[in-house]
Amino acid sequence: MTMHTAGAHAEHGEDIYGERAFGFWIYLMTDAIIFALLFATYIVMLPGTAGGPGPDTLFSLPRAAGETALLLVSSMTFGFATLSMLAGKRGAVLGWLAVTFVLGLGFIAMEISEFTGMIAMDAGPDRSGFLSSFFALVGTHGLHVSMGMLWIVVLAAQVMTKGLTAPVKSRLFRLGLFWHFLDIVWVGIFSIVYLPGVM
Amino acid sequence: MEHAADGQGHSLKNYVIGFVLAVLLTAIPFGLVAFGGLPRQTTFIIIAVAAVAQVCVHLRFFLHLGFSSTPRENLLALAFAGVLIFLMVGGSLWIMFDLDYRHGM
């Protein structure tokens, strides 16, 4: 794995951004530990359906595939925003951020419809230990995606008003780390929750 | 502004490679579950291998783009998180399933 400095190499005297990126990386690692423990809780709770519905009746493979596609493509489009930023193309950065936001919105819309559908059929987080752990895990990820979308809006506003200044660019880098990280967590969710659930 | 895509992974090519690999590593487990055919155990193993491979693909082709600090520190933090996750998740599952087993005795 090759990991190199991005902002710090480009211009001198900007070590502060390198430090901030490292601090944010530490935060992501702690977040990974939170998700890992939510995964462990989910696996332990799997048999605890308390006579309620289990994974096989609740999950839909096409929906999981749709959510996966939206999130994966959004990771790619955020990459395009990063490339546009490096090329100094302000309009393209805003355009790709907008596309990424819309894809994230589609993901969240699918997740909300899944959650409300489950709650409507008496399969909410209060139904069983299994469902509590499901909503805790997938809901925490969805909350992260929602926060990421809010962050996209804030940074798009900064790109519009301040332009691609050094601080704005370093913030975009950190948002990129966050957004790509959420896609990694989703790989765990579809591999541990949805795929084995519908098998 | 003046520094365009450099040689540190900030290239369209890297993103496209990462994306294609990720799509493949997603399509394989989804396809296996959708169309079946293989034994349960084998399918589980393939899902797990594809997931680990895809996490590596994301780290390599998507996440390394944003690093702005020295590689060693980031790698150490990642390794430390990996150790903690292994201990806490592994330990939790070990204890809980051992308890479960003893309750069944």
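Among contacts in chain A between residues at least 6 apart in sequence, what percentage join residues at least 24 apart? The share is 79%, where a contact is a pair of C-beta atoms, placed from the backbone, within 7 Å.

## About the model

This is a predicted model, in which local features need pLDDT of at least 70 and side-chain atom pairs count only at pLDDT 80 or more, while totals for chains, interfaces and linings use all residues. Residues are numbered from 1 along each chain as its sequence is written, and chains are lettered from A and ligands numbered from 1 in the order in which they are written.

## The two chains

Let's start with the helices. Chain A has seven helices and zero strands, and chain B has three helices and zero strands. Both element types are DSSP runs numbered from the N terminus: H or I over at least four residues for helices, E over at least two for strands.

The C-alpha atoms of chain A occupy a box of roughly 60 × 30 × 25 Å along the principal axes. In chain A, 41% of the 199 residues count as buried; for the 105 residues of chain B the figure is 25%. Here, buried takes 20 or more other C-beta atoms within 10 Å of a residue's own, with C-beta atoms placed from the backbone.

## The largest nonpolar core

A nonpolar core is a set of buried Ala, Val, Leu, Ile, Met, Phe, Trp, Tyr and Cys residues joined through C-beta atoms within 7 Å. The largest one here has 65 residues, and L177(A), F181(A), I189(A) and F190(A) have the most contacts inside it. Helices of both chains take part: α2, α4, α5, α6 and α7 of chain A and α1 and α2 of chain B each supply at least two residues. The largest share, 17 residues, comes from α7(A).

Leaving aside neighbours within four places in sequence, I189(A) touches L137(A), V138(A), H141(A) and Y194(A).

## How α4(A) meets α7(A)

The axes of α4(A) and α7(A) lie 10 Å apart at an angle of about 165 degrees, using lines fitted to C-alpha atoms over the stretch in contact and angles from 0 to 180 degrees between N-to-C directions. The pair is therefore roughly antiparallel, a term for angles over 145 degrees.

Among the residues in this contact are L61(A), L72(A) and F78(A) from α4(A), and W179(A), W186(A) and F190(A) from α7(A). The contact's residues divide into 12 nonpolar, five polar and two charged; Ala, Val, Leu, Ile, Met, Phe, Trp, Tyr, Cys and Pro count as nonpolar, Asp, Glu, Lys and Arg as charged, and the others, Gly among them, as polar.

Note on methods:
A residue is buried if 20 or more other C-beta atoms lie within 10 Å of its own, exposed if 12 or fewer, and partly exposed in between; C-beta atoms are placed from the backbone. Two residues are in contact if their C-beta atoms, placed from the backbone, lie within 7 Å. Angles under 35 degrees count as roughly parallel, over 145 as roughly antiparallel, 65 to 115 as roughly perpendicular and the rest as oblique.
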